Amino acid sequence: MAEMGSKGVTAGKIASNVQKKLTRAQEKVLQKLGKADETKDEQFEQCVQNFNKQLTEGTRLQKDLRTYLASVKAMHEASKKLNECLQEVYEPDWPGRDEANKIAENNDLLWMDYHQKLVDQALLTMDTYLGQFPDIKSRIAKRGRKLVDYDSARHHFESLQTAKKKDEAKIAKAEEELIKAQKVFEEMNVDLQEELPSLWNSRVGFYVNTFQSIAGLEENFHKEMSKLNQSLNGVLVSLEKQQGSGTFEVKAQPSDDAPAKGNKSPSPPPDGSPAATPEIRVNHEPEPAGGAAAGDTLPRSPSQSSLPAVVVETFPAAVNGTVEGGSGAGRLDLPPGFMFKVQAQHDYTATDTDELQLKAGDVVLVIPFQNPEEQDEGWLMGVKESDWNQHKELEKCRGVFPENFTERVQ
């Protein structure tokens, strides 16, 4: 019995909610047709416009700040790789090696500290600031519904009062419902009338604090980074001085049948566009006998037999997912609008629901944005190849990701 009673209460509440929605819809139609007056509050409407503007600006600032943080992380990774390269080429017997390694270590720590402080002092503050908007937005919408209920109750009460045949019992009940609707509306209205202007005015202090934090952190970061760069420059200058002439002779390895001196390698050909040219392998055949003497300095024509023969091997290129010219090649199962593939060079932690979570090595199939105006600079739309192969559901798998975390592979 208790269970039936519970179901009865639930059913009654559902019916009441449905009736409220119908009444509100009817009231709005009458107001739009001009057959019922609508309670207006121009001051509150201005507050709502300010609220929406503030929310839009804050959301954009949050997104741009996350993009900035992603760029800082990418620069950190690039700087780390560059320093690792320096450590590899810095030979053990060169002076200043330990100091150069220490500078590289401090460089890495400085980037990590800068990124973490940006998260703590800017992004988390930004998230807290925007966290208050959903609740207020919900209350504004609820106030709007309660205002319609109030207008509807008022019109119902007025129509009963002006009716030719008055029913005092109905009038009393309508008046009671009007007072109740007015009380609910005014309680919500008063609270919002106080909160919205205060929230609007708080944006100035928030923007000042946020950008001051970012500017201060960036200023200190560059000061410390400048000191490290000066120290590294000092190490390299010392290395140059201790090498005497300051230049290093690049010793070529002479071939068995070529002169040891006066021999220069030809300049490499200009780079071609990887997307427009097939893969090329160059094999150098042994130079035939009878080459030029060591003292011969005249320019040589490529047709002369003294230059190494070049064998060019071309390999088929993939076009729109199909390997042209290859035996047994078939069209790959790719998502609609597929443009090209990229591979993640670094891990990327998604900071929003519309972003892809990437691990270094992940392959992403790049597709166009449904609405090109939604594409932000430096971001691409795509679906991870592993997700596509498993689910074949573009709507659930696709997302945006920072282009500078990836490298094009096809």
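The protein chain of this predicted model has seven helices and nine strands. Let's work through a few exercises on how some of them are arranged.

**Exercise 1. What share of the protein chain is buried, and what share of its contacts joins residues at least 24 apart?**

*Solution.* Start with burial: the protein chain has 410 residues, and 28% of them count as buried. For the contacts, take those between residues at least 6 apart in sequence; 70% of these join residues at least 24 apart.

**Exercise 2. How are the axes of H2 and H3 oriented to each other, roughly parallel or roughly antiparallel?**

*Solution.* Step one is to locate the helices: H2 spans residues 42–89, and H3 covers residues 97–130. Step two is the geometry, where the two axes come within 10 Å and cross at roughly 170 degrees. Step three is the cut-off: angles over 145 degrees count as roughly antiparallel. H2 and H3 are therefore roughly antiparallel to each other. To finish, sort the residues of their contact by class: 18 are nonpolar, eleven polar and six charged.

**Exercise 3. Characterise the crossing of H2 with H4, and list the residues that make the contact**.

*Solution.* Begin with the axes again. Those of H2 and H4 (residues 133–161) come within 12 Å, with a crossing angle of roughly 150 degrees. By the cut-off of 145 degrees, this pair is therefore roughly antiparallel. Next comes handedness: the crossing of H2 past H4 is left-handed. On the H2 side, the contact is made by Phe 44, Val 48, Phe 51, Gln 54 and Leu 55. H4 brings Phe 133, Ile 136, Lys 137, Ile 140 and Arg 143. Sorted by class, this contact of H2 with H4 holds seven nonpolar residues, one polar and two charged.

**Exercise 4. In what order do the strands of the five-stranded open sheet run, and which are its edge strands?**

*Solution.* The edges are S8 (399–402) and S9 (406–408), each of which pairs on one side only. From one strand to the next, the twist averages 50 degrees.

**Exercise 5. Which residue of S8 is the bridge partner of Leu 380?**

*Solution.* First look at the strand pair: S7 (residues 379–384) and S8 pair in the antiparallel sense, over four bridges. Then find Leu 380 and trace its bridge across to S8, where the partner is Phe 401.

Note on methods:
Residues are numbered from 1 along each chain as its sequence is written. This is a predicted model: local features need pLDDT of at least 70, side-chain atom pairs count only at pLDDT 80 or more; totals for chains, interfaces and linings use all residues. Side-chain values use heavy atoms; hydrogens and water are left out. Two strands pair if DSSP finds at least two bridges between them. Helices (H or I, at least four residues) and strands (E, at least two) are DSSP runs, numbered from the N terminus. Axes are lines fitted to C-alpha atoms, for helices over the stretch in contact, and angles run from 0 to 180 degrees between N-to-C directions. Angles under 35 degrees count as roughly parallel, over 145 as roughly antiparallel, 65 to 115 as roughly perpendicular and the rest as oblique. A crossing is left-handed if the near helix is turned anticlockwise from the far one by less than a right angle, and right-handed if clockwise. Contact means heavy atoms within 4.5 Å. Ala, Val, Leu, Ile, Met, Phe, Trp, Tyr, Cys and Pro count as nonpolar, Asp, Glu, Lys and Arg as charged, and the others, Gly among them, as polar. Buried means under 20% relative accessible area, exposed over 50%, partly exposed in between (1.4 Å probe, protein chains only).
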